[in-house]
Structures are given as C-alpha cells and as structure tokens.
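Open the model in your viewer and keep the selection panel handy. The tour goes from the whole assembly down to single residues.

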2 protein chains.
Amino acid sequence: MENTNNVFNLDRNMKVHNFNAGPSVLPNEVLYKASKALIDFEGTGMSILEIGHRTEHFTAVMEEARSLVRSLMQLEDDFEVLFLHGGASTQFMQVPMNLLESGETASYVDTGVWSNKGIKEAKLFGYVDVSGSSKDNNYNFIPKQFTVPPQARYLHITTNNTIYGTQWSSIPETEVPLVADMSSDILSRQMDFNKFSLIYAGVQKNMGAAGATMVAVRKSILGKVTRKIPTILDYRLHIENGSMLNTPPVFSVYISMLTLRWLRDQGGVAAIEKINNKKAALLYDEIDHNPLFRANVPNKEDRSKMNVTFTIDKAELEEEFLKFCKKEDIVGIKGHRLAGGYRASLYNALPLESVEVMVEAMKYFSLKKA
Amino acid sequence: MENTNNVFNLDRNMKVHNFNAGPSVLPNEVLYKASKALIDFEGTGMSILEIGHRTEHFTAVMEEARSLVRSLMQLEDDFEVLFLHGGASTQFMQVPMNLLESGETASYVDTGVWSNKGIKEAKLFGYVDVSGSSKDNNYNFIPKQFTVPPQARYLHITTNNTIYGTQWSSIPETEVPLVADMSSDILSRQMDFNKFSLIYAGVQKNMGAAGATMVAVRKSILGKVTRKIPTILDYRLHIENGSMLNTPPVFSVYISMLTLRWLRDQGGVAAIEKINNKKAALLYDEIDHNPLFRANVPNKEDRSKMNVTFTIDKAELEEEFLKFCKKEDIVGIKGHRLAGGYRASLYNALPLESVEVMVEAMKYFSLKKA
C-alpha cells in the first residue's frame with residue numbers, strides 16, 4: 001500500500017529548522033507531490049521532467065501557475081503574469097532594457113546590495129537618479145524622504161532587503177510607474193499590487209524553487225522604447241507566447257504552481273500574513289528582550305518580517321551560538337558577510353514551530369552564558 | 001524496508017516509450033535518485049530544493065557537473081564549462097553579444113528554424129553572412145560547399161536539427177573560431193570538441209531536464225568586443241564566479257550531474273555512440289524497407305541519429321498510425337508542423353527496446369494495411 005504523504009518513511013517533523021535565506025524551506029506537501037511527479041506525472045507514465053512542454057499536461061501547469069499569481073495578488077486585467085528563466089539578476093537589466101529609453105532617466109531607491117545591482121545595469125541603458133539611499137547607515141533603514149524626478153520613466157524599489165533585514169512597510173506614493181523587486185517578500189503580506197506597473201521576483205524564497213522568475217507587468221507600459229530588444233528579453237514576445245516563448249524551466253514552474261496552490265489552501269495572502277506577523281513578532285520580541293542579542297534595524301517600522309538580522313553582544317560567543325544552534329538542528333542563520341551576526345529567514349513555508357525552537361534556543365543559550 | 005530503486009512501486013518497464021523531442025526521456029536511475037533527493041538530500045534533512053546554493057552541498061554538485069562535462073568531452077584547459085539560465089534561445093543573443101564586434105561579420109550556416117533564430121539575434125549586434133543554407137530544399141540536407149568570409153569573427157553551426165532530422169556528420173574545417181548549438185546531439189557521439197571555440201546546449205535532451213544551459217567556451221576568445229555587456233550576460237563574469245554569478249537553476253544542474261554520472265557509468269560517449277548508432281540503424285532500416293514509410297532526408301550521411309523524421313505514403317493513414325502508436329504506449333512521434341509526418345527522437349536515455357517496439361509497430365501496421 002502506498003502512503004502518498006510520506007513515501008520515504010521520513011519523519012518530516014524530525015527535519016531541520018531551515019532558516020535559509022534562499023533557496024529555502026518549502027511546504028512538505030509540495031515536496032511529496034513533486035517527488036512523486038518525478039517518477040510518474042499524473043498517470044502519464046512519464047516523469048514531469050520527460051513530458052513535452054507544449055503538451056496539454058504542461059500547458060495546464062503553466063496556466064494554473066499564472067492564474068494563481070493573478071488571483072492571489074488580485075491583479076487588474078492590464079497585468080500579464082510570466083514565468084521566465086534567469087533569476088532576478090536577469091531582471092536587473094531586462095527591466096531598463098524594456099522600459100528606459102536611451103538618454104532618459106529612471107529613479108532608484110538604494111536600499112542595499114540588490115538595489116545596487118539593479119542601478120548598475122540600468123546605467124547601461126539610460127540615466128539613473130538615485131533618489132533615496134540608506135547607504136550611509138549601512139542600509140539599516142528604509143529612506144522615506146526622497147523626491148522622484150517628474151520626468152523619470154519609472155521608480156524602482158526593492159521591497160525587502162534580505163542582507164540587511166529591512167522592508168518597506170508601505171508603498172511609496174509616486175506619479176511615475178512603480179517597479180519593484182519583490183524576490184524576498186512576494187506574497188507574504190497584503191498589499192495593493194495594482195499600485196505597481198512591474199513586479200518581479202526570483203521564485204526561490206516565497207513561491208517555489210530556484211530556476212524561475214515571476215514577472216507581473218502591465219501591458220500598457222511596454223513598447224515605449226526605441227531600441228531593438230533581443231527576442232528572449234522582450235516582455236511583449238513572452239506575453240504573446242503565453243510565457244512559452246522558449247522551453248520554460250518546466251520543473252521550477254511546476255514547483256511554483258504547487259507552492260501557490262498550497263498558499264491558496266492556507267487561505268491566501270491574508271492568512272499567511274497573520275502567521276508571518278506572529279513569527280516575526282515572536283523572534284523580534286526575544287531579540288529585544290534578551291540581553292545577549294541586539295536587532296540590526298533600530299526602527300521597528302523598517303524591520304523585515306522575512307529576514308530578521310541581529311548580532312550577539314559578546315563577540316567571543318558569536319561562533320559558539322552558531323554551533324549550539326547547529327546541534328539543535330537550526331540551520332541557515334549565519335548572517336551575510338556584509339551585515340555580520342545572524343540572519344533568520346522566516347519565509348511563508350517556515351513553520352511557527354521552527355521560530356519557537358529558535359527562541360527557546362536563544363533563551364537557553366543566554367541563561368547558560370549569563 | 002525501503003526499496004531505493006522503486007520507491008513508488010511503479011514498474012518502470014511498463015512505462016511508455018517516450019520519443020519526445022525534448023524535454024524527453026531520462027534514465028530511470030536519475031529519476032529515482034532525484035525523487036529521493038526532493039525529500040531528503042544526502043541526509044541533510046532538507047530537500048535539494050531547500051539547501052543554500054552557496055553551501056558545500058550544492059557547490060559540490062555544480063563542480064561535479066562541470067567536471068563531468070569536461071572529462072566526457074575531453075576538453076582542453078582553455079575551456080571553461082558553465083551551467084547557465086535561459087535556454088539555448090538566450091545563447092542565440094548572448095553569443096553575438098560577447099563575440100561579434102559591432103560593424104563586423106559573423107558567418108552562419110542556415111540549417112533550419114534554430115539556425116535562423118540565431119541569425120536573427122546576431123543581426124542585432126553586427127553583420128551576418130549566411131554562408132550556406134539548405135532552405136530551398138526545406139532543409140532536408142546539410143550544406144557542404146560553402147565559403148566562410150576570412151574576416152568573420154566566428155562560424156556558427158547547428159550540429160543537429162531536431163525539426164528536419166538532419167545532422168552534421170563531420171565538423172566543417174574553418175580558419176575562424178567555430179561556434180555550435182549542440183542542444184539536440186551533445187554527448188551523443190564522439191567528436192573532437194576541441195575543434196570548437198564555443199559550444200552551447202539546452203540540457204533538456206541529452207544531458208538533463210529543462211531549466212539549464214551548458215556553455216563550454218574557450219577563455220581566449222572572450223573580451224574582444226568593445227560594447228558594454230550586461231553583467232548577467234557576460235561569460236567572463238560567470239567564469240570568474242565559478243558558474244555561480246547568481247542563484248543557479250539548482251535542481252536542473254543536479255539532474256544534469258546525475259545524467260552525466262549515468263553517461264559516464266555507461267562507458268561515456270564512445271559507449272553511448274554505439275548504442276545510438278544501433279538505434280538509428282534499426283529505425284532507418286525499417287523506414288527504408290517498409291513500403292508504407294519514407295525518410296524525410298534522402299542523403300543518408302545527413303540523417304540525424306537523434307531525430308528520425310519520416311512520412312507515411314498514404315496520407316489517409318497518417319492519423320491512424322498515430323492512434324495505433326498511442327495504443328501501443330508509443331508517445332511523442334508526431335512530426336513538427338514545419339516538417340509534417342512523424343519524428344522519433346532517439347536521445348541517449350531512450351532504451352534500444354523502445355526502438356524495437358516502434359519498429360514492430362511499423363511492421364504490424366504496414367502488414368495490416370497492405
């Protein structure tokens with residue numbers, strides 16, 4: 001007899017507590033279902049990896065993934081949803097290539113490493129006005145007072161900053177089209193996504209596994225630059241071809257579809273936001289009250305609910321705490337080298353229980369060292 | 001007790017005979033191993049999709065995949081092997097962007113749809129000399145008499161043409177750097193790969209699953225164009241970063257590594273070539289001798305051993321034969337709309353047994369209709 005939920009007799013409750021910054025934890029049921037589809041996809045006698053991407057089997061997967069994004073984000077009809085190759089790093093250049101006319105200006109807010117990568121690529125296509133920046137404070141806040149040049153073709157923001165642990169708590173008001181890299185907080189909280197003109201996200205944090213990039217773009221902002229765009233980088237051609245301009249990253253799109261289904265079944269963005277708020281509150285509360293730890297981001301409003309960054313007050317204990325966590329099966333909490341200390345990523349699929357274990361570990365370690 | 005070879009109690013011998021043109025059939029052991037790694041990757045307690053790509057767990061996968069390509073192709077030291085996002089369609093523009101100086105010329109041989117896509121993108125960056133073409137004969141042969149302009153920056157060929165079923169049986173001699181799209185016959189036959197300067201291949205036919213593209217490039221041909229190349233499209237930066245410039249398509253690279261290991265364990269390219277020759281001979285022999293069928297490519301030397309294209313002499317039986325095959329669990333043999341008729345793809349992982357079944361089906365159908 002086949003146990004569809006636990007085909008390898010692996011007790012997933014004994015799994016590690018995975019605080020990886022991305023690629024990162026995925027829902028168990030997504031992994032079980034995908035594991036089975038790798039051997040036999042829906043009774044076809046073929047693996048999901050072996051089916052033609054132009055067959056009804058896969059086009060149904062692609063269409064469901066696109067449609068789930070549309071409904072979970074409640075996007076207006078002007079939006080098209082694409083699943084592309086290349087990661088957010090490809091979008092850094094694809095966005096200005098499609099939107100920024102040569103000789104014109106785009107406005108960027110610099111909130112860290114990822115914003116900077118976007119700025120660097122945009123400069124290859126036009127002028128960049130860095131309208132706001134938190135660089136002088138090692139990016140530990142979100143700039144709020146900044147002026148977007150009225151002639152800017154668009155304003156680009158990074159809604160969540162994985163390395164420094166900051167997050168835009170509200171969407172900036174602007175007259176120009178708003179473009180956002182949402183790689184690390186997409187679908188984690190309610191937001192009026194229709195205030196944006198283009199949203200992109202590498203799917204490997206909140207909506208799948210590495211290998212695909214989701215782009216939601218308003219058709220009305222396309223076709224306004226005069227340069228010749230290579231076929232594979234032209235959003236319009238991807239739209240015309242139903243996100244199947246070339247062989248898509250089949251398996252990554254399938255994992256996204258399963259992850260989006262899971263999110264829908266949890267109650268969608270509103271429901272997951274409640275859990276995400278609870279997880280973040282639990283961990284920040286411990287950091288703020290535990291004498292041994294300190295949050296990197298002083299302004300509570302700017303703290304990321306996805307990537308909680310913090311340090312230990314006694315430098316000599318930094319490594320020891322990591323080792324202690326490892327023993328407790330807590331993985332992925334070493335901070336990025338640019339921010340130091342620790343980083344606990346609390347993406348949608350991370351269970352509340354993992355945060356509870358983490359908080360217990362902090363309490364225990366702190367008492368032991370007091 | 002766990003049965004590591006057949007975790008879903010699925011009899012893989014009862015699987016369909018998968019002649020898909022790509023994505024296509026994969027070795028059973030690759031699928032079993034990957035299915036397990038989706039739940040727990042090598043005892044980490046995490047799925048292969050959940051591990052950080054900069055951890056030793058994944059860097060070992062990437063390095064083994066790169067190293068297996070190098071050894072299976074016996075590449076000289078000047079070559080670097082990369083696993084990139086984007087598919088061969090991205091290479092169509094990335095190759096000229098990196099190699100073709102503005103105002104200069106690249107030479108392309110036009111052997112069908114895929115060559116043409118390459119030509120179209122190259123024209124965005126410089127001049128294209130279509131040095132040879134089989135267009136006037138609906139691409140049913142490989143051009144052999146053509147002259148490459150001596151000033152050409154490179155000569156580009158498509159070694160195997162999936163749609164029309166042609167394949168270069170020998171590498172053209174040329175004084176300029178040779179570039180090849182080998183998406184549909186990479187690692188299927190012995191060849192002096194060191195005669196090339198750049199080889200690219202979407203991995204979803206002979207070396208993995210959709211979502212990654214292998215590029216083997218000689219370092220010595222890079223850095224010779226003056227244009228500014230976007231970061232993510234610059235081969236040099238991918239090389240500097242060990243093919244980890246951004247988050248790689250983790251799972252696709254893993255599947256490639258497993259598929260390359262499988263190929264090595266079969267005896268490598270020399271051994272698989274023998275089996276591929278046998279499969280192709282068996283099927284072409286049936287087509288040439290069965291009164292009902294006719295090969296698309298008259299010149300035997302130009303016939304693809306990967307994609308066998310043929311038609312049925314009685315047009316009224318075309319659909320019926322497809323239905324008959326479907327009943328026999330033979331899938332994926334409908335020809336591309338541009339070539340018509342049938343196409344049977346015989347990639348590395350297709351068992352000889354599937355070709356035997358196909359040939360039996362042709363014999364039976366032909367007798368029944370005689």
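To compare copies, they are superposed by least squares on the C-alpha atoms of residues with pLDDT of at least 70 in both. Keep in mind that this is a predicted model.

**Stop 1: both chains**

Colour chain A and chain B separately. A rotation of 180 degrees, with 0.0 Å of shift along its axis, puts chain A on chain B at an RMSD of 0.0 Å. The two copies are therefore related as by a two-fold rotation axis. To find that axis, select A:Ser35. Its C-alpha is the one in chain A nearest the axis, at 2.3 Å.

**Stop 2: the interface**

Now select the contact residues between the chains. On chain A there are 59, and they meet 59 residues of chain B. Both copies use the same surface: 100% of the contact residues of chain A recur in chain B.

How is the size of an interface often given? The usual figure is the accessible area lost when the parts come together. Here the area buried between chain A and chain B is about 4600 Å². Carbon and sulfur atoms give 66% of it.

**Stop 3: the annotated residues**

**Stop 4: A:Trp114**

Zoom in on A:Trp114. Helix α4 of chain A, residues 113-122, holds this residue. Is A:Trp114 buried, partly exposed or exposed? Its relative accessibility is 32%, so A:Trp114 counts as partly exposed. Show its contacts next. Beyond four places in sequence, A:Trp114 touches A:Phe92, A:Thr158, A:Thr162, A:Ile163 and A:Asp181.

**Stop 5: A:Thr247**

Move to A:Thr247. Look in the loop of chain A between α5 (235-240) and α6 (250-266). A:Thr247 has 16% relative accessibility, so it counts as buried. The cut-off for buried is under 20%.

Which residues does A:Thr247 contact, leaving aside neighbours within four places in sequence? In chain A, they are A:His53 and A:His85. Across in chain B, they are B:Pro23, B:Gln204 and B:Ala210. Show both chains to see these contacts together.

Methods. Residues numbered from 1 in each chain as written. Chains lettered and ligands numbered in written order. Predicted model: local features only at pLDDT ≥ 70, side-chain atom pairs only at ≥ 80, totals over all residues. Heavy atoms only, no water. Contact = heavy atoms within 4.5 Å. Helix = DSSP H or I, 4+ residues; strand = E, 2+ residues; numbered from the N terminus. Buried < 20%, exposed > 50% of the residue type's maximum accessible area, 1.4 Å probe, protein only. Buried area = accessible area lost by both parts, 1.4 Å probe.
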